[in-house]
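Please look over the sequence and the structure before reading on.

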Amino acid sequence: GKDISDLYFVFGAFYESKPELERAREKYLECLDIRRRVCPDPSRELLEVVEALARIVKLLRGAGDASTPYVEQVDTLKRALGLSGMVKTMTMAPPKPREEAPQITEPPPEPARGAPKLLLRTATGSSERASEDMEKHLERINAQASSFYKSGKYDEALLIYEKELPTAERANGAENKYFLAMLNNMASIYYTQKRHEEAARYYKKIVDLMENGSRRNDALRESGGDEGDYDHILANVYHNLGTSMKTLKSYPEALTYYERCLAIRRESYGENSIEIAQALSQIASVHKLMKNDEMALKCLEECVNIRVTLGEKDKQTAMYMANLATFYVKKNNKPKATLYTTQAKEILATIDPSDSTGLVASLTEHLSKMK
């Protein structure tokens, strides 16, 4: 009942952060359907999800969606509860990705927002009232820390999390949603600050709890077929951890995490998806750094083939094609180098006619010198 609705809510928050608004609305609606059956009316639980739906619908209406807003329901619930506003959700906005070209890499990964809630567990050894009081306390702490984070006051946010982390762990054990949310948010802050040793330490803790937590199988079974969502989030955490280890120049370890990310994504998405292409590009970048040029070439070529199959004719695809051309120039394979240079040039002709990076011009010059 309530645990399953919490799973749907965190999936909604995750897709909202992407932003994949239609999928977010679908998950929030599933959450609302359960909470209307198991929660009192009015209640904070109903208010939380109705306000989320109101927010999603407002965003969709801006894109031409004509769905009925939930604003009136939000106002009604707030009046019934005597509230001036609802408690903010725990998870914070992840660092915005940036595009990196022309090297073999993807933009920095987004933290797996909301994943901690997947391991929700009921408190033991305390009364229901005490549990509710602790939840309210931890929600206030998260809201305060998130406010500091959003305003760029990272050290202040970290001080709050570091102080309250033991309290969150004692409350319901290491698998409870608040403890894991704090770990995730701390990792996000450290990543933003380029403090990758600290970020990696917290990402590793999250991976350990998500992979080995006693509630994992129960959570998946009770969620009614949301294993794909769970694994999607876990793969993202592995992706983030791989990026941190690559930055720390721990290349074999980074490769292990990226390959684990890829394995989960292949199982979840099949062979052709942008998520698989992203993981392959990161694996290629690590092989390149480790001087494993043949493996880098193989992974990057598979990445490009997937992006072409999906119709991703964008600047990132063009940069990967240019990187492939560079590989083949070094191998003195003029037909392949010409092929990828031509394909990159065709894409850039529509989106970057001036060749602002100068990469295609450089490759064309190299080709002219090849026999």
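## Salt bridges and overall architecture

R195 and E198 are joined through their side chains by a salt bridge, with an N to O distance of 3.5 Å. R195 counts as partly exposed at 29% relative accessibility, and E198 is likewise partly exposed, its relative accessible area being 21%. The model discussed here is a predicted one.

In total, the protein holds 12 salt bridges.

| Salt bridge | N to O distance |
|---|---|
| R195 and E198 | 3.5 Å |
| R25 and E22 | 2.8 Å |
| E294 and K331 | 2.9 Å |

The pair R25 and E22 lies within helix α2 (residues 21-38); because the two residues are 3 apart there, about one helical turn separates them. R25 is buried, with a relative accessible area of 13%, whereas E22 is partly exposed at 44%.

The salt bridge between E294 and K331 has its closest N and O atoms 2.9 Å apart. This pair links distant parts of the chain, 37 residues apart: E294 belongs to helix α13 (residues 293-309), while K331 sits in the loop between α14 (315-330) and α15 (334-351). K331 is partly exposed, with a relative accessible area of 41%.

Of its 371 residues, 51% are buried. Among contacts between residues at least 6 apart in sequence, 66% join residues at least 24 apart. The accessible surface amounts to about 17300 Å², and carbon and sulfur atoms account for 50% of that area.

Terms used. Residues are numbered from 1 along each chain as its sequence is written. This is a predicted model: local features need pLDDT of at least 70, side-chain atom pairs count only at pLDDT 80 or more; totals for chains, interfaces and linings use all residues. Side-chain values use heavy atoms; hydrogens and water are left out. Buried means under 20% relative accessible area, exposed over 50%, partly exposed in between (1.4 Å probe, protein chains only). Contact means heavy atoms within 4.5 Å. Accessible areas come from the Shrake-Rupley method with a 1.4 Å probe; for residues, only the protein chains shown count as cover. A salt bridge is a side-chain nitrogen of Lys or Arg within 4 Å of a carboxyl oxygen of Asp or Glu. Helices (H or I, at least four residues) and strands (E, at least two) are DSSP runs, numbered from the N terminus.
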